[in-house]
Amino acid sequence: MANAERASAELRQMDDLASSVSPIHSLHPLAKLIVTISYVLATVSFDRYELTALSGMILYPAALFALSGIPVRTCLHKLRFVLPLVLAVGLFNPLLDRTPLFRLGTVTVTGGVVSMLSLMCKGAFCLAASFLLAATTPIDALCAALRRVRVPSFLVTLLLLTYRYVSVMLDEVSVMTTAYRLRAPGQKGIHISAWGSFLGQLLLRSMDRAQSLYESMLLRGFTGEFRYAEGRRAGLRDWIFVLICLSAFALCRFVDLPALIGGLLVR
């Protein structure tokens with residue numbers, strides 16, 4: 001029960017973050033969506049050995065964390081289950097690629113180590129950018145921006161309903177877990193013999209609740225696609241933000257800024 005309630009509370013916290021006030025929150029959702037997609041594409045396009053050039057891409061999430069007022073620890077807490085999986089993607093690279101690249105004192109750094117660190121940085125940067133988009137943009141505004149870039153309506157509707165009503169399923173899990181514990185006091189967790197019936201009851205209850213929700217949507221005029229409220233149009237400030245960010249991404253992508261700055265400092 002505690003886990004289901006905690007997960008539901010974290011979803012509500014994301015809504016609270018998205019409704020905050022900051023220079024980033026006030027930007028048009030379409031501008032933030034374009035910038036985030038461009039950032040992800042630019043980040044993953046780096047070669048596996050371009051670690052120093054890739055490190056310059058950290059400037060975008062760092063700037064957004066500062067301007068939006070969202071603490072980095074909040075991002076790490078929200079991504080605590082996904083981030084380790086992403087960081088573990090390249091763990092076997094040092095075993096597969098033993099090509100020597102350079103030496104640090106008496107230590108030889110192989111291509112596998114560099115590519116492993118590169119994959120980790122790419123995953124962490126892309127996750128941070130995606131989190132910042134979700135944490136600074138309400139889900140309705142984000143879905144409206146997705147429709148403006150011609151994402152299929154059924155995918156957008158699926159995203160919106162999944163986000164909105166996953167808390168309903170979590171509430172059902174909480175109720176069923178409470179009922180089970182009242183019938184089995186002192187037992188830790190749900191016994192393995194009850195897993196099948198528990199999941200079956202959860203499925204049936206979720207289907208009944210989904211049918212009720214769908215009928216309510218039909219009564220309110222739902223025809224297969226949501227009609228999002230027309231917000232303000234993207235203004236000059238929003239497009240300036242897009243232009244500055246895209247220019248910065250292009251600069252970081254084609255110019256090794258950390259190496260260039262390091263060479264100037266050495267001189």
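**View 1. Tyr60 and the residues around it in this predicted model.** Look past the neighbours within four places in sequence, and Tyr60 is in contact with Val35, Thr36, Tyr39, Ala129, Cys245 and Phe249.

**View 2. The largest nonpolar core, with Tyr60 among its members.** This core has 31 residues. Those with the most contacts inside it are Tyr60 along with Val35, Tyr39, Met57, Phe65, Phe131 and Phe249. Six helices each supply at least two residues of the core: α1 (2-18), α2 (29-44), α3 (51-55), α4 (59-68), α8 (111-136) and α12 (236-254). The largest share comes from α8, which puts in 7 residues.

**View 3. A second, separate core.** Here you're looking at a set of 10 residues, including Ile139, Cys143, Leu146 and Leu160.

**View 4. A nonpolar patch on the surface.** Tyr49, Leu101, Phe102, Leu104 and Val107 make up this patch, and together they have about 450 Å² of accessible area. Strand β1 (residues 100-104) gives the most to the patch, with 3 residues. Leu104 lies in that strand, β1. With a relative accessible area of 56%, Leu104 is over the 50% cut-off, so it counts as exposed.

**View 5. The hairpin of β1 and β2.** Strands β1 and β2 (residues 107-110) run antiparallel and are joined by 4 bridges. Across the pair, Arg103 stands opposite Thr108 in β2. The hairpin has 2 residues between the strands, and Gly105 takes a positive phi near 70°.

Technical notes:
Residues numbered from 1 in each chain as written. Predicted model: local features only at pLDDT ≥ 70, side-chain atom pairs only at ≥ 80, totals over all residues. Heavy atoms only, no water. Core = buried A, V, L, I, M, F, W, Y, C linked by side-chain atoms within 4.5 Å. Buried < 20%, exposed > 50% of the residue type's maximum accessible area, 1.4 Å probe, protein only. Contact = heavy atoms within 4.5 Å. Patch = residues over 30% accessible without salt bridge, like charges linked within 9 Å, V, L, I, M, F, W, Y side chains within 5 Å. Areas by Shrake-Rupley, 256 points an atom, 1.4 Å probe, with all protein chains shown as cover. Salt bridge = Lys/Arg side-chain N within 4 Å of Asp/Glu carboxyl O. Pairing = 2+ DSSP bridges.
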